[in-house]
Amino acid sequence: MKIALASRNPHKLDEIRRILNCAEMEWLEPAALADMPEVEEDGLTFASNAIKKAMMAAFYAKCWALADDSGLEVTALQGAPGVMSARYAGTPRDDAANNGKLLRELAGAPDRTARFCCVVALASPCGRAQVVEGFCPGRIIEAQRGDQGFGYDPLFVPDGHEQTFAEMDAALKNRISHRARAFEQARGKWGVLFRGDYADWPAR
């Protein structure tokens, strides 16, 4: 099956390919979507942004497309940065600035619980979409640790672990992360499609 991944983030693309690890899928390279305009992620929810990106990619690539929208929700900040996670400190995206702002906003906060959220959308070439979601609860530490991963990974310690995402090897992170859990749902819900069986597929 040929499928487009609607993302220009190389770290995210690599994670998705590793997590799905589906030999039957033929990944459409990002260059195939070079003419696709930048999708404005102006939705109020992760789901609305993921659907918008997947449908745009499916239209331009003329094949099925996957997209995810993900971010960090911090309890003490009433769910912020949420859908603004990538642009928390402004545009263009700057991971160091985002992490710095998060630490300043949480300075002195007794509650540092948080969760990563990921919503994955699958869109068909005819413009229909379905979504699944995954979550990874944890906490925000007071100083960055580790040099793996991206985004808020150096500040986030998932529940049941002592390492930040940025200290973990990729194999472990890709088993427990919000993205791993969302794509586990995707594999269960859409696995037949991924293996090339289109019969009676509801989103076709």
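The model on display is a predicted one.

Remain at this pocket and highlight α1, which gives the most to its lining, with 4 residues. The space in the second largest pocket is about 220 Å³. Next, select D14, E15, Q148, G149 and A170; of the 13 residues that line the pocket, these are the closest to its centre. Colouring the lining of the second largest pocket by residue type gives 4 nonpolar, 4 polar and 5 charged residues.

Now proceed to the largest pocket, whose volume is about 870 Å³. Its lining has 36 residues, and N9, K12, E41, A86 and R93 are the closest to the centre. Select in turn α1 (10–20), β3 (64–74), α3 (95–105) and α5 (178–194), the elements that give two or more residues to this lining. Among them, β3 provides the largest share of the lining of the largest pocket, 5 residues. By type, the lining of the largest pocket comprises 13 nonpolar, 10 polar and 13 charged residues.

Finally, turn to the cysteines. The number of disulfides in the model is 0. Select C63, which is in no disulfide: the nearest cysteine sulfur belongs to C126 and is 13 Å away. C63 has a relative accessible area of 7% and is therefore buried. Then select C117, which is also in no disulfide; the nearest cysteine sulfur, that of C118, lies 9.0 Å away. Is C117 buried or exposed? C117 counts as buried because its relative accessibility is 1%, and buried means under 20%.

Methods. Residues are numbered from 1 along each chain as its sequence is written. This is a predicted model: local features need pLDDT of at least 70, side-chain atom pairs count only at pLDDT 80 or more; totals for chains, interfaces and linings use all residues. Side-chain values use heavy atoms; hydrogens and water are left out. A disulfide is a pair of cysteine sulfur atoms within 2.5 Å. Buried means under 20% relative accessible area, exposed over 50%, partly exposed in between (1.4 Å probe, protein chains only). On a 1 Å grid over the protein atoms alone, a cavity is a set of points where a 1.4 Å probe fits but cannot get out, and a pocket is an open set with protein on both sides within 12 Å along at least five of seven lines; lining residues have an atom within 4 Å of a point. Grid points are joined across faces, edges and corners, and a volume is the space filled by probe spheres set on the points. Ala, Val, Leu, Ile, Met, Phe, Trp, Tyr, Cys and Pro count as nonpolar, Asp, Glu, Lys and Arg as charged, and the others, Gly among them, as polar.
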